[in-house]
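Welcome! Please look over the sequence and the 3D view below, then work through the exercises one at a time.

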Amino acid sequence: MRMLGTEAFPTTEDVEAYVVKRMEAFRQLDTIAERQLESGRWVRISDRKTSDGGIVGIRTDITDLKTRESELKKQTKITALLNKVAVNANQSPTFRDALQQTIDDICAAIDWPLGHVLVPSASGNGKFESLRLWHLDDPEGFEEFKVWME
C-alpha cells in the first residue's frame, strides 16, 4: 500500500529523503510540525514517545486556524496602512502631496509596480480624470501606458 505522495502524506521530496527526515523527527522526544496538504488544508503533526518506548502520533486539522491567522495578518496590514495614510495626510503640505504619498504607500503595501490617481470627472458624466499622480517602479517601462492614460 503506497501512502507517500498522496494527500494523506504529501511530499514533493525524494521519498527516501522524506522517510529519513520523518524518522529523525521520530527519534526526538517531542515533535510538533505543521504541514500544508496538496488540497490546501493544514495539519498539525504531533509525535510523542510513550514511557514504554512507543510513539503516539496525533494529526489535527488546523485549516480554520490558519485561515483566521491569515485574515488577521491582512487586517493588521490594512490597519497599519490606513494609519500611515492618515499620518501622511496630516503632515503633507498639500493635498497632492498627500495623494502622492498615499498611492506610493498603497503600491508598496500590495507590491504593485504601478499606481495612478484618478478622480471623478467634474462634468458628472461617470468618467474619471487623471490627476497626473503616479507610482511607477519602472517609469520607462510604463511610459507608453502613462501617456495613453493621461
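**Exercise 1. A nonpolar patch**

Which residues make a nonpolar surface patch of about 210 Å²?

Before the solution, a word on the model. This is a predicted model, in which local features need pLDDT of at least 70 and side-chain atom pairs count only at pLDDT 80 or more, while totals for chains, interfaces and linings use all residues. Residues are numbered from 1 along each chain as its sequence is written, and side-chain values use heavy atoms, with hydrogens and water left out.

*Solution.* 
- Step 1: The patch is made by Val 15, Val 19 and Met 23. (Patches are made of residues with over 30% relative accessible area and no salt bridge; like charges are joined within 9 Å, and nonpolar side chains, meaning Val, Leu, Ile, Met, Phe, Trp and Tyr, within 5 Å. Areas come from the Shrake-Rupley method with a 1.4 Å probe, and for residues only the protein chains shown count as cover.)
- Step 2: Find Val 19 in helix H1, residues 15–27. (Helices are DSSP runs of H or I with at least four residues, strands are runs of E with at least two, and both are numbered from the N terminus.)
- Step 3: Val 19 counts as partly exposed because its relative accessibility is 36%. (Buried means under 20% relative accessible area, exposed over 50%, and partly exposed in between, with a 1.4 Å probe and protein chains only.)

**Exercise 2. The overall chain**

Describe the secondary structure of the chain and how much of the chain is buried.

*Solution.* 
- Step 1: Count four helices and five strands.
- Step 2: Read them along the sequence, and the pattern is α-β-β-β-α-α-β-β-α.
- Step 3: Of the 150 residues in the chain, 22% are buried.
- Step 4: The chain exposes about 11,200 Å², and carbon and sulfur atoms supply 57% of that area.
- Step 5: Take the contacts between residues at least 6 apart in sequence: 23% of them join residues at least 24 apart. (Contact means heavy atoms within 4.5 Å.)

**Exercise 3. Salt bridges around Lys 66**

How many salt bridges does a search of the whole structure find? Follow the ones formed by Lys 66.

*Solution.* 
- Step 1: The search finds six. (A salt bridge is a side-chain nitrogen of Lys or Arg within 4 Å of a carboxyl oxygen of Asp or Glu.) Side chains of opposite charge can pair when their charged atoms come close.
- Step 2: Lys 66 pairs with Glu 34, and their closest N and O atoms are 2.8 Å apart. Glu 34 lies in strand S1 (residues 30–36) and Lys 66 in helix H2, so this pair ties together parts that are 32 residues apart in sequence.
- Step 3: Compare the cover of the two partners. Lys 66 is buried at 18% relative accessibility, whereas Glu 34 is partly exposed at 39%.
- Step 4: Lys 66 also meets Glu 69 in a salt bridge of 3.7 Å, N to O. Glu 69 and Lys 66 are three residues apart in helix H2, so about one helical turn separates them.

**Exercise 4. Positive phi**

Locate Asp 111 and Arg 132, and note the phi of each.

*Solution.* 
- Step 1: Most residues other than glycine have a negative phi, and most peptide bonds are trans.
- Step 2: Asp 111 has a positive phi of about 60° although it is not a glycine. Asp 111 lies in the loop between helix H3 (95–110) and strand S4 (114–120), and it is exposed at 67% relative accessibility.
- Step 3: Arg 132 also has a positive phi of about 60°. Its place is in strand S5 (residues 128–136), and Arg 132 is exposed, with a relative accessible area of 54%.
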